[in-house]
Amino acid sequence: MENMNITTAQYSLDREGNNSCIQATIDGQEMSVPLDPANRHYAEILKQVEAGTLTIADAD
Amino acid sequence: MALIKVKERGRESINLGRRNLVINGAILLDQRNGGSATTPTADQTATLDRFKARLNNASKYSVQQVTDAPSGFLKSLKVTSAAATTVGTNDFYQIATPLEGYTTNVLAQGSSTAKQYTISFYVKSSLTGTFGGAYSNDTGDRFYAWTYTIDAANTWERKSITITGATDGTWESTNGAGLHIYWTLGAGSGVQTSAGVWGTSFKRGATGTTDVVATNAATWQITGVQLEVGDTATPFEHRSYGEELAKCQRYFEKYNGNLAGGTDAAGSQWMSIQYKVTKRATPTITYGSIYSTIYNNNIDGFSVNRSSAGEAYITSPKFDAEL
């Protein structure tokens, strides 16, 4: 039932080189989204990725 | 020896303290906007603590915490219509508050022993007539619309609606949304349904209700929101400001200033912050600026690391674990 406008999404790495969060722009605001399915922003990112409308870029 | 007989109180149907399942029902908290009006442009926009805007067209109404409330209350949530909006067939405009599953298990929905429960609230509007609200589960395949009547314009009135909980469907029982409560400010005919019965289609409101957004500058206010088990609206359960703030901080917390940290043995700059309240889920973090990277974010806290000289810092951080 979410309806967020996600314009950018890119993984960030932890010190061991693992994906730790996603830097995203949602409804015009930059945010650090944790990889927690119970987080509403991450749940929406997953939904849009599954729908093929969003791609999460690899970390730099 | 004289005997003292202790009179035993009835054991059933005494529902005293801790009966209100709604957080910020007295509208004391507005951490995000501090009493300033906000005009939601996106669905699910968080407004006052625990209350969000639901909409499919931007900027049709504003939401504000105001100091206008019935006797015994300090604040209310005020909606003001931005224009005389034509409500399209599938349009919807709502104020909603989702309750966490850990809180709503007491309703026993999804079972044959589902409880009766009662919502009560004080409402005031520049309009009169029949207005609507609704409940749903998180997946939206159980939906119940209800109505209430505002008899006099610009006058505080207390309303209550009692229903029997859904005996089927799937209801979140842990940290997901166990029950969504909606007050409808406008809903098109394609997203309306009959009031007073559980359905399996997700809608937005009840048929035959007033669209607040259809009247330019119309106002609608609410406070004293309480949802409790049973068929009776008991007096509103007032909680202290500090207690209510802590309850809200499970879902949203902000830090009014900058956080800066020190240096580890290897010369890397670190700081670790513990949240004031353990979060419902790992929160999304927003900030003014940061140097340079967030690590170890979880329900209890997070760290910021900077791998070069200078202090690690984050300015004006906000932590969002809303449903």
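1. A polar contact is a pair of N or O atoms within 3.5 Å, where within protein one atom must be able to donate a hydrogen and the other to accept it, and where residues adjacent in sequence count only if both atoms are side-chain atoms. The side chains of B:Lys75 and B:Thr67 make such a polar contact, at 3.2 Å.

2. This is a predicted model, in which local features need pLDDT of at least 70 and side-chain atom pairs count only at pLDDT 80 or more, while totals for chains, interfaces and linings use all residues. Residues are numbered from 1 along each chain as its sequence is written, chains are lettered from A and ligands numbered from 1 in the order in which they are written, and side-chain values use heavy atoms, with hydrogens and water left out.

3. B:Lys75 sits in the loop that links strand 3 (61-66) to strand 4 (76-81) of chain B, strands being DSSP runs (E) of at least two residues and helices DSSP runs (H or I) of at least four, numbered from the N terminus. Leaving aside residues up to four places away in sequence, B:Lys75 touches, among others, B:Ala26, B:Ile27, B:Asp68 and B:Thr223, contact meaning heavy atoms within 4.5 Å. From B:Lys75 to B:Trp198 there are 123 residues in sequence and 33 Å in space, C-alpha to C-alpha.

4. Is B:Thr47 buried or exposed? B:Thr47 counts as buried because its relative accessibility is 0%, where buried means under 20% relative accessible area, exposed over 50%, and partly exposed in between (1.4 Å probe, protein chains only). B:Thr47 belongs to the loop between strand 1 (45-46) and strand 2 (52-55) of chain B, and a polar atom of its side chain lies 2.7 Å from the backbone oxygen of B:Phe51. The residues that B:Thr47 touches, not counting those up to four places away in sequence, include B:Asp30, B:Arg32, B:Pro40 and B:Val63.

5. B:Ala206, part of strand 13 (residues 205-206) of chain B, also counts as buried, because its relative accessibility is 1%. Apart from residues up to four places away in sequence, it touches B:Ala145, B:Trp146, B:Thr147, B:Gln192, B:Thr193 and B:Ala195. B:Ala206 and B:Asn33 are separated by 173 residues in sequence and by 31 Å in space, C-alpha to C-alpha.

6. Where the two chains meet, chain B gives 31 residues to the contact and chain A gives 20 residues. Together they bury about 1,800 Å², of which 48% is on carbon and sulfur atoms; buried area is the accessible area (1.4 Å probe) that two parts lose on being put together, summed over both. Of the area that chain B buries against chain A, 25% comes from B:Gln44, B:Thr284 and B:Tyr295, more than from any other three residues.

7. Between chain B and chain A the count is 1 salt bridge, a term for a side-chain nitrogen of Lys or Arg within 4 Å of a carboxyl oxygen of Asp or Glu. The side chains of A:Arg40 and B:Asp320 meet in a salt bridge at 2.7 Å, N to O.

8. Chain A has 1 helix and 3 strands, running β-β-β-α from the N terminus on. Its C-alpha trace spans about 35 × 20 × 20 Å along its principal axes, and 43% of the 60 residues of chain A count as buried.
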